[in-house]
Amino acid sequence: MSVTVEQFAELSNLVIAAAMEPGRWQDVADALGRAVGPQVCTQIIGYDTHTNSAPLAVASGYDPDILKLYQEHYHLQNPYAVRFEDMRVGDVVPAAMLCNPNDMIRTAFYSDLLRPMEDIYCGGGTLLFREKGRVFVFGGNMRAKDQDRYEDTWLSLCANIAPVMRQSLEVNRMIAGLSFENWALSQHNLGSQTALMLIDPNCRIHYASAEAERMLQAGEVMKTGLSGKLQFACEELHHAITQQTGSQTARCGSVVRSLAFETDRGQRWTCRSVGVDLSRLDWSPFGKVFNQQGPALLIALKPETSRLDVNKMIQSALGLSEMEADTALYLAEGMTAAEIAESREVSIHTVRNQIKAALSKCGCRRQADLVIAVDRLRTTGAHTAPLSPIK
């Protein structure tokens, strides 16, 4: 028996659809499980730390109680997983090569999970990706009584559909990365052309944008240490971030915190961070492939420019005079009208008139609205102004 051309075309279309809509990988698992005749219990499992996507963990055909038992007691005692390290990308491996059936039937794994589902210890699968930060596996289990007639057909299907699955997973990676950056930039006011990273409470990097990867490679501002942990060259900043992962991430708050630091070469940077909840990631029925869930920290890094450049940007964007822009910038940095007047050696009435003029030109009713407008320009415009230093 073989899969017809029409059947394969339909399966391929489902896989391609999952490229644009990752939620449809479950449809793929369901359809593949029915493709060769008798039910094949299928799994598509993996993770990609370079994107914000949930770990892919979909299954079809398994008894829900069996999946629950696996999750609770056997996900670290899977006899098949012992040979995963020997697999090469693209290889299609029969289940018997992953674990000898004579050895398998002596295990509690077989007695509790496979035997109750009519001896589903046959079948096999393929390794789709195995590289730094990305692993994906696809396979299926079928009944021993179906092996002689259907296993070769199943393994052939795995070999033929694997290239299409790899292509769709590449598209998933691209879309997930773009979605993450767009979400971070638009939802959290972090600015364009910003280096973005997502780290867990242990400072391990789950995602890094292209600019962040470049900075990590350069190593001047930050780098990765053992186990993929983020390390900042500025010890004061590194200490502040590690403290924040334990405090701010525990609350998963949406308030952006800004920290300023300077490299040994004198370049000043702004580090902005906001809590993110990773618990929205999909539950994995085959063990915690991606074992960090819950609070995390989104970090955005951007170099600062001179105050004069920021002033010119505010003038251009808001239509203010040089002195009005300077006053608005001082307000955004937390100074009062009296403090601005004292620093400039002008009367407080002059400063108040400049504030009124700036409010009028910007269409703002309150001073707080003007501060918000200036702060948004500083973070999302072409430049970023100095922010409050680390305390």
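## Overall make-up

The chain holds 14 helices and twelve strands, in what is a predicted model. Of its 391 residues, 47% are buried. Among contacts between residues at least 6 apart in sequence, 64% join residues at least 24 apart.

## Helices H10 and H11

Two packed helices are described by the angle between their axes and the distance between the axes. For helix H10 (residues 307–318) and helix H11 (residues 322–332), the angle is about 110 degrees and the axes are 9 Å apart. An angle from 65 to 115 degrees counts as roughly perpendicular, so H10 and H11 are described as roughly perpendicular to each other. The crossing of H10 with H11 is right-handed.

Which residues of H10 and H11 make the contact? From H10 come Arg307, Val310, Asn311, Ile314 and Gln315, and they meet Glu322, Ala325, Asp326, Leu329 and Tyr330 of H11. Sorted by class, the contact of H10 with H11 has five nonpolar, two polar and three charged residues.

On the H12 side, the contact is made by Ala337, Ala338, Ile340, Ala341 and Arg344; on the H13 side, by Ile348, Val351, Gln354 and Ile355. The contact of H12 with H13 divides by class into seven nonpolar, one polar and one charged residues.

Is Glu345 buried or exposed? Its relative accessible area is 73%, so Glu345 is exposed. The backbone of Glu345 is worth a look too: phi is positive, at about 65 degrees, although Glu345 is not a glycine.

## Asp119, another positive phi

Asp119 lies in the loop between helix H6 (108–114) and strand E4 (122–131). Phi of Asp119 is near 60 degrees, again a positive value in a residue other than glycine. What is the relative accessible area of Asp119? It is 24%, so Asp119 is partly exposed.

## Two residues on either side of H3

Asp63 sits in the loop between strand E2 (56–60) and helix H3 (64–74). The side chain of Asp63 reaches the backbone nitrogen of Asp65 at 2.7 Å. In space, Asp63 and Pro116 are 9.4 Å apart from C-alpha to C-alpha, with a separation of 53 residues in sequence. Asp63 has a relative accessibility of 34% and therefore counts as partly exposed.

With a relative accessible area of 15%, Asn78 is buried, because the cut-off for buried is under 20%. Which residues does Asn78 contact, leaving aside its neighbours within four places in sequence? They are Tyr70 and Phe109. With Tyr70 there is a polar contact, side chain to side chain, at 3.2 Å.

Conventions:
Residues are numbered from 1 along each chain as its sequence is written. This is a predicted model: local features need pLDDT of at least 70, side-chain atom pairs count only at pLDDT 80 or more; totals for chains, interfaces and linings use all residues. Side-chain values use heavy atoms; hydrogens and water are left out. Helices (H or I, at least four residues) and strands (E, at least two) are DSSP runs, numbered from the N terminus. Buried means under 20% relative accessible area, exposed over 50%, partly exposed in between (1.4 Å probe, protein chains only). A polar contact is a pair of N or O atoms within 3.5 Å; within protein, one must be able to donate a hydrogen and the other to accept it, and residues adjacent in sequence count only if both atoms are side-chain atoms. Contact means heavy atoms within 4.5 Å. Ala, Val, Leu, Ile, Met, Phe, Trp, Tyr, Cys and Pro count as nonpolar, Asp, Glu, Lys and Arg as charged, and the others, Gly among them, as polar. Axes are lines fitted to C-alpha atoms, for helices over the stretch in contact, and angles run from 0 to 180 degrees between N-to-C directions. Angles under 35 degrees count as roughly parallel, over 145 as roughly antiparallel, 65 to 115 as roughly perpendicular and the rest as oblique. A crossing is left-handed if the near helix is turned anticlockwise from the far one by less than a right angle, and right-handed if clockwise.
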